[in-house]
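Hi,

Here is the structure I promised to pass along. Please have it open while you read my notes.

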Amino acid sequence: MFRLVTPPDLSERTLVDRCLSDDQPVRRTAQRLLYDRYKRAMFSTAYRIINDYDHANDALQDAFVEVFRNLDQFAFRSALGAWIKVIVVRQAVRKQRLENRFETLNEITHDQPAVLPDGLTGAELDAAIRTLPDGARTVFLLAEVEGYTHREIADMLGISEGTSKSQVSYAKKLLRQRLNHCYE
């Protein structure tokens, strides 16, 4: 029988082992601890991609169902949070695709670094990112915030690498326009 301890005292391996326990009360308690440990960060990731509170909650719920169904496949080759984040990102992208929120951009433009106005706050940048078209915002966040490569994004979204690059470029162009307009 497992001794239940407070969440900070549990290692990832112990938490996973308990989530896979045959003892249902232990398993349920551990699943709740795992969910509580990661829900805020994962909701933030889903919300940034989807930009809709209810849809982000739906994606989060679907992601954790998938996490618990596949937890026995987690091999500890990465941090548990990183593994969960991949599932959350994929669920958020699926949710967004179901809503048909991607625009097709045919024009390939070259990626340029964004030059941001002095004095720009994180809140202002976040607000500007939320105004981007859904597809451009999603690809921008996956590439520039989450650190995925264009190949990984293309595979995840079912688009070409060129489309991924053009979406990021388009997002940066819109951000430059919107942010520079705010500071004129």
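Predicted model: local features only at pLDDT ≥ 70, side-chain atom pairs only at ≥ 80, totals over all residues.

Residues are numbered from 1 along each chain as its sequence is written, and side-chain values use heavy atoms, with hydrogens and water left out.

Searching the whole structure turns up six aromatic pairs (rings of Phe, Tyr and Trp, the last by its six-membered ring, with centres within 6.5 Å; planes under 30 degrees apart are stacked, over 60 edge-to-face, the rest tilted). One of them is F43 with Y47, stacked at 5.9 Å centre to centre and 20° between the planes. Both residues lie in helix α2 (residues 24-50), four residues apart, about one turn of the helix. Helices are DSSP runs of H or I, at least four residues, numbered from the N terminus.

F43 also pairs edge-to-face with Y53, at 5.4 Å and 65°. That pair links distant parts of the chain, with Y53 in helix α3 (residues 53-70). F43 is buried at 19% relative accessibility, Y47 is partly exposed at 28% and Y53 is exposed at 52% (buried is under 20%, exposed over 50%, partly exposed in between, with a 1.4 Å probe and protein chains only).

Elsewhere, ring pairs join Y35, F64 and F68 into a cluster.

The charged end of R13 sits over the ring of F76, 3.8 Å from its centre (NZ of Lys or CZ of Arg within 6 Å of the ring centre and within 35 degrees of the ring normal).

Lastly, D126 in helix α5 (residues 122-130) is partly exposed at 32%.

Best wishes

Terms used:
Helix = DSSP H or I, 4+ residues; strand = E, 2+ residues; numbered from the N terminus.
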